[in-house]
Amino acid sequence: ARLSVRDALGARSTNGERVKVQGWIRSVRSQKEVLFLHINDGSSLESLQVVADSSFDSRELAFGSSVEVQGQLVKSPSKKQNVELKAEKIEIVGNCDAKDSGFVHIHTPIITSNDCEGAGELFQVEPSSKIKVPEENFFNVPAFLTVSGQLHLEVMSGAFTQVFTFGPTFRAENSQSRRHLAEFYMVEAEISFVESLQDLMQVMEGLFKTATMMVLSNCTEDVELCHKFIAPGQKDRLEHMLKNNFLIISYTEAVEILKKASQNFTFTPEWGVDLHTEHEKYLVKHCGNIPVFVINYPLALKPFYMRDNEDGPQHTVAAVDLLVPGVGELFGGSLREERYHFLEQRLARSGLTEAYQWYLDLRRFGSVPHGGFGMGFERYLQCILGIDNIKDVIPFPRFTHSCVL
Ligand code: 4AD
Ligand code: MG
């Protein structure tokens with residue numbers, strides 16, 4: 001018989017009656033021999049305890065997934081509930097991948113008044129001139145297409161601990177390069193209680209490797225077609241990236257390496273100056289074509305939100321970029337400046353104090369160490385498919401002087 005959670009909980013006969021219950025997983029507790037699930041279908045405030053032996057794959061049975069459980073209703077040995085469902089068969093109806101590692105998906109806004117990266121590369125949003133707005137300005141403040149969802153994610157990580165977003169971002173970069181678009185997609189994550197770049201880099205490497213293995217196993221034909229016609233040998237290069245631990249060097253070490261090879265570059269590498277694409281690509285080659293994290297960049301080069309390392313004359317922040325073969329920078333991230341007075345001073349120096357009161361408030365009330373990163377989605381495709389120009393991984397690329405179709 002098919003029972004609702006409520007009917008199952010109120011069942012009188014528990015002498016091995018076979019039933020089927022459907023619902024969403026509210027919690028998973030995995031022990032050596034047994035697996036406890038709590039499922040609910042909204043018919044009751046209380047959830048039904050499902051007991052399964054540990055041969056069931058607990059990775060598939062994630063919080064939020066919908067399941068159909070068949071088994072026997074039995075009397076529960078625990079005082080907490082009268083009955084429990086002894087599972088014989090658990091079928092996933094719809095899985096809940098996003099929460100696999102406990103990240104909650106947040107939709108961050110596309111129109112915003114903040115310039116997260118502080119680089120001034122903003123597209124301003126205004127009503128078309130045909131529209132009459134009573135006040136002089138539609139939003140009362142200047143509004144822009146977002147360059148990053150980070151600041152909004154920081155708000156939400158204060159509620160859910162681990163959050164991510166995936167959406168379009170916009171940059172008015174006057175660049176004709178093979179890795180810049182005016183409109184691109186970004187995966188961004190923000191994690192509360194993260195205290196070291198090490199922890200952050202683990203998540204970044206995990207994301208790159210897991211996503212890539214999933215693409216390789218789920219989209220084998222498409223990837224192989226690309227590799228065959230556009231990037232022969234790319235499969236081996238990818239496998240090389242997947243089977244090695246990513247490397248870590250500091251910005252200062254990177255500059256030392258580059259200086260020794262300065263005859264190769266158009267731009268002379270120098271401490272305090274940003275790395276150019278040619279530098280990034282050289283560093284990856286130097287590291288044996290294994291992705292490399294570059295950490296601790298000069299404070300003066302990075303946005304106001306990055307955490308101060310307080311490290312003497314060569315003043316750096318806890319920033320991290322992941323450089324990958326063929327592309328250079330694929331991820332950008334950092335620990336965030338969670339200390340009120342430090343952030344207050346940084347904002348003051350950038351003349352942003354007034355606009356970012358709400359952001360300072362996050363440090364005023366229950367601040368925690370946290371950090372996050374963003375990965376450019378088109379650059380990710382370039383990297384795994386081996387495609388040289390970013391305009392070839394997107395059907396309608398937007399860049400300077402190009403927005404007709
Ligand atoms: O390094 P960025 O600017 O970092 C941020 O926006 C942070 N707020 C992210 C965060 O911590 N939540 O951008 C992140 C990534 C880059 O590493 C790059 O892959 C991609 O976004 N990206 C671009 N991709 C294509 N065209 C552009 N113009 C891009 N600008 C950045
Ligand atoms: Mg960056």
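Okay, housekeeping. Residues count from 1 along each chain as its sequence is written, while chains are lettered from A and ligands numbered from 1 in the order in which they are written. Since the model is predicted, local features need pLDDT of at least 70 and side-chain atom pairs count only at pLDDT 80 or more, though totals for chains, interfaces and linings use all residues.

On confidence: mean pLDDT for the chain (that's the predictor's per-residue confidence, from 0 to 100) is 93, with 98% of residues at 70 or more. For the complex, the predictor gives an ipTM of 0.99 and a pTM of 0.79.

Now the layout. We've got domain 1 at 2–96 and domain 2 at 104–392, with bounds from an automatic or database domain assignment. Their centres, over C-alpha atoms, sit 42 Å apart.

On to helices, meaning DSSP runs of H or I, at least four residues, numbered from the N terminus. Take α6 (251–259) and α7 (277–286): their axes come within 10 Å and cross at roughly 90 degrees. Those axes are lines fitted to C-alpha atoms over the stretch in contact, with angles from 0 to 180 degrees between N-to-C directions. So α6 is roughly perpendicular to α7 (65 to 115 degrees). Ala254, Ile257 and Leu258 of α6 meet His279, Tyr282, Leu283 and His286 of α7, contact meaning C-beta atoms, placed from the backbone, within 7 Å.

Then there's α8 (340–349) with α9 (357–364): about 165 degrees, axes 9 Å apart. That makes α8 roughly antiparallel to α9 (over 145 degrees). Here Tyr340, Leu343, Glu344 and Leu347 of α8 touch Leu360, Arg363 and Arg364 of α9.

How values were computed:
Helices (H or I, at least four residues) and strands (E, at least two) are DSSP runs, numbered from the N terminus. Angles under 35 degrees count as roughly parallel, over 145 as roughly antiparallel, 65 to 115 as roughly perpendicular and the rest as oblique. Two residues are in contact if their C-beta atoms, placed from the backbone, lie within 7 Å.
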